[in-house]
Structure formats: C-alpha cells, structure tokens
Amino acid sequence: MSTADKQESQLHNQSNSALYDCTTFNPERKNSRLYNDDLAPLQPEQRNWGWFSIFNVWSNDIQSLFGYTLAASLFLSYGLNGWWVMAAIICSGFIVMLMVNLTGKPSVKYGIPFPVLIRASMGINGANLPAILRAIIGIFWYGVQTYFASTAVAILLTIMMGGSDATFLGLNSTAWIAFVIVWVFQIMLFWAGVEPIKHFLNWAGPLVYVVMVILMGVVWYQSGSELLPAINSIFASGSDYTGTSLQAFTAIVGTMVAYFAAVVINFGDFSRFLRSEKEMRLGNLVGLPINMMFFSFIALVITAGTLVLFGEALTNPAEIVERVDALPLTIVAALTFFAATVGINMVANFIPPAYDLANLFPKHISFRKGGLITAVIAFFVGALWLSFISKIGIVGFVNVVGAIIAPFFGILVVDYYLIKRQHININDLFSDQPDGAYYYYKGWNIRGLIAFAIGAIFSIATVLVPALTKLEGYGFLLGAILGGIAYWLLMRSDAVKPNQV
C-alpha cells in the first residue's frame, strides 16, 4: 500500500470512529461460551467492502439460474401484461432495498453478524431459534441452487461426453457428475475464505449481465417483429389465475420480496464488512431497484421470445441457450450461469448457515465447520430437488420459505429502532450471566417468542390454508408486519426513552 493510500485509510477510519461502537468490546468476553472469533465484532480496519461488493451480492442473487426461473415463472403465472409484471418486479426491488437498509445498519455500526445481533431481541439463547430456522432455509436453498448450477455444467459435459439415458432420482449419469463437481467446487471456494468469495462475485456478476444481454439479443433477432407486440398479450393466454389485476400485481411483488426474505433477515452477515453506511445504501440502490429494472426487462424479452420461437415457455436459461443453437454462446453462457449461481450460493446460502450453526455452539462449531455441515445436508436436498421438492411448485415453495422467518424481520427492526433506540450493549451480547441486558428469562425473551408465533402462524396460513389463498404471495410482508406489531405491544414497556439515549 502506498503512503497516500495509508493516509487515506487512516483518515477514513478517523472520520468514521464515531460510527462504530465495537471499540469498547471487553476482551474478557472471549472466554464466554457465546464467543468465537468468527462471531466477534469487526473493527473498522478489518472492513474493506464497498458499494460495488454489495452490488455484486445482489447481481449474483438476481441473475442466478433460480432467480431467472422465478422471474420468468411470474410472467407466466398471473395473466398480466408483461410490462405490468416487469413493473411489479421493480417495485419489489425498492421494497427490498428499504428493508435491507434497516436490517443492515446495526451490523455496519457494531460489526456483528445476524445471529449475534438477534440476541438483543430474542435473548442470548433465544437467538438460536431464528438462527437455526435461517440455517435450515439456507441449507435448503443451497441444495436447490447447487442443482441449478449443475444444469449449466451438465450442458458442457454433454457437449464433451454426450448424455446418457439411465436416470436415478430424475438425473442421468452426466447430470450426477455435474452435480458432484459443483458441490465440491463450492466447498473449495468457501474454504478459501470471504475475501476470495468477494473477488469471485465481483467478476461473476457483471459477466452474467453481458451473457444475458447477448442471449436477449439473439432471441430478439430470431423472434423478429413478432416479439414486442406479443409482450402485451402472450402471457395472459395460458394463465388460470382468477384474481383481479391488482391482486396479481401485489402477489408478484410479495413473491419477489419473499424470494429475498432470507437475505433480508441476515443482511448483517454482509453489511458488517462494509466501510460505512453510505456504501451500504449506494450498493443496495444500484444492486436492487436499478439492477432489477434491467434484469426484469431482459427476462421479459427472453421469456416472450421463447413463446414466439418455440411455442412454449422456457424458464431455465440453460435450456434456452441450448435451444438457440449457437455453440459458442452455449459454452460461454453455461460457464457464466454456473459462476453466477455458485456466487449467490456462497453469499445467501452458505455463509449465513455457517454463521448460524456456529452460533449454536460457538466453542465447538467454527465458521468453517458450520459450512461443512451445511454442504453435507444440502447435498441430499439438491439431489431430491428434481424428483420431489420441485413438485411443490416454485412460487409456492418461495412463499412458504419466506413465511417461516418473516416475523423476525419485524421483531429485529422494531427492537433496534423503537425499543433499543439504535443502541446495543455490545459486551452483553456475549454475556451469559443473569445480570446481562439480553439474558431475559434463562436466556430467552418469552415475549419475543410470542410475537414470532403470532406472525409465523398467520403468514404460513396465507400459503397453506385454502381459505386464505387470495393472500398468496403476501406471507412474508404480513408475517413481518404482524411480528413487529406484536413485539412492540409486548415490549413497549421496556422501550428506551429518548432522553435516556
């Protein structure tokens, strides 16, 4: 590092010294059963992520194979004009941006990951409930995304080796080899650490955009003048959705918000690495609504183009690339889709469960051990995706997953901003003594558990109870709101007064 760079870094740390409240962390807390080095507060000099790193977190999430498949499915499921579906996806981007700005801010301030932050509202032991639920969801998504990434690798292997007819659990031998290759590659990348993962994301995200734009251009060219007129009507013809246009629009918004639910809840796992809150807000703005505007347009054109070209909707971009019959594009696209899907799997579905599992037994499970546990369980989830799990229905699957953890968003936000007034005792987050601020009742905040139960029961019911099917897609938002309101009503007597801050 040059002298000028060192001076700039020193000035940056000095100018933000008031922002970070982890400098008073008591070293004696390292002896607590709640502490390990992976969960410890990061000091300002340990943080080197900027807005571009956050932008690429979202780029890889949105532009993964599963993310594209979900978006394409929404164009086909609700009988709306394609432009209105695109508008709903962009609207969801603004909502998610606002939500992650709220959940990310405390971790920027204190340098702690989600499972440590949630101790303030759920208790030092109660935090294990959201942590284990988030870990389970992450493990499921990790297995699913591993399968989707393997479909891109399977294309390359089929080109080189040919396919096979014999199948097991819906996958032929080539597909199984591809699945194992992706699974092992991800473990190796995770083992390299957070910084190599960040660099991987920084090139995978932009590259996927280039390939998607090229694919859109090829589909548009082959579709000719039929494409744009088709966008206004082609999606409505095959849908059996019976709700109003407004209900369809809001359901799409809710489903897309639910898709990001897991990352919204634990965004602190990433924002703790950021240099400032300003960097976080800029990365979220560019990475979410702006990014989704371009992505949804690409998905709109390609999905409509497949209907025009092939007479059927193709929602997996790997399959689309195969159909357009351009070998160089097929090879480059397969590699890029693989990279993007692996990238988001690292960020959204590998790192968070690793932290969450480490939080269960900090003295016995490290960040790396948590990652290995995640990978082993997720292997079986991915292996069963095609033959069993996917039969649930992709949109319903997303909504159920989002509904389970929705109340924790409302609880976390209400607790930090309204109850704690944005001030947390960093040392008591690592204290298991009865006089600790977050010990509550034997380490559990019973009122927090009640608030979670109220929100979770209702949000899950909106997905699973036939009488509430008109609320399909709203599970996450309703659960978050109800969980937050219930928590406020139960905890308001403990709220810090403004003159006490």
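Helix H16, formed by residues 327-360, comprises 34 residues and reaches 48 Å from its first C-alpha to its last, close to the 50 Å expected at 1.5 Å a residue. The model described here is predicted. A kink of about 40° occurs in H16 and is centred on Met346. Of the 34 residues of H16, 28 are buried, so this helix is largely enclosed by the rest of the structure.

Ile331 is one of the residues located in helix H16.

In total, the structure holds 28 aromatic pairs. One of them is formed by Trp84 and Phe249, whose ring centres are 6.1 Å apart and whose planes meet at 80°, so the pair is edge-to-face. Trp84 belongs to helix H4 (residues 82-110) and Phe249 to helix H11 (residues 245-259); the pair therefore ties together parts that are 165 residues apart in sequence. Trp84 has a relative accessibility of 53% and so counts as exposed.

A tilted aromatic pair is formed by Phe190 and Phe367, with 5.1 Å from centre to centre and 45° between the planes. This pair, too, links distant parts of the chain, since Phe190 lies in helix H8 and Phe367 in helix H17 (residues 367-385), 177 residues apart. Phe190, at 2% relative accessibility, counts as buried. Phe367 likewise counts as buried, at 11% relative accessibility. Elsewhere, one aromatic cluster is made up of Trp58, Trp141, Tyr259, Phe260, Phe267 and Phe270.

The loop between helix H18 (394-419) and H19 contains Arg421. The phi angle of Arg421 is near 55°, a positive value in a residue other than glycine. At 33% relative accessibility, Arg421 is classed as partly exposed. Tyr440 is also situated in the loop between H18 and H19. For Tyr440, phi is near 50°, again a positive value in a residue other than glycine. The relative accessible area of Tyr440 is 26%, and this residue is partly exposed.

Helix H19 spans residues 446-464 and includes Ile454. Ile454 counts as partly exposed, at 43% relative accessibility. Between Ile454 and Leu482 there are 7.1 Å in space, C-alpha to C-alpha, while the two residues are 28 residues apart in sequence.

Key
Residues are numbered from 1 along each chain as its sequence is written. This is a predicted model: local features need pLDDT of at least 70, side-chain atom pairs count only at pLDDT 80 or more; totals for chains, interfaces and linings use all residues. Side-chain values use heavy atoms; hydrogens and water are left out. Helices (H or I, at least four residues) and strands (E, at least two) are DSSP runs, numbered from the N terminus. The expected span of a helix is 1.5 Å times one less than its number of residues. The bend at a residue is the angle between axes fitted to the seven residues ending there and the seven starting there. Buried means under 20% relative accessible area, exposed over 50%, partly exposed in between (1.4 Å probe, protein chains only). Rings of Phe, Tyr and Trp (its six-membered ring) pair if their centres lie within 6.5 Å; planes under 30 degrees apart count as stacked, over 60 as edge-to-face and the rest as tilted.
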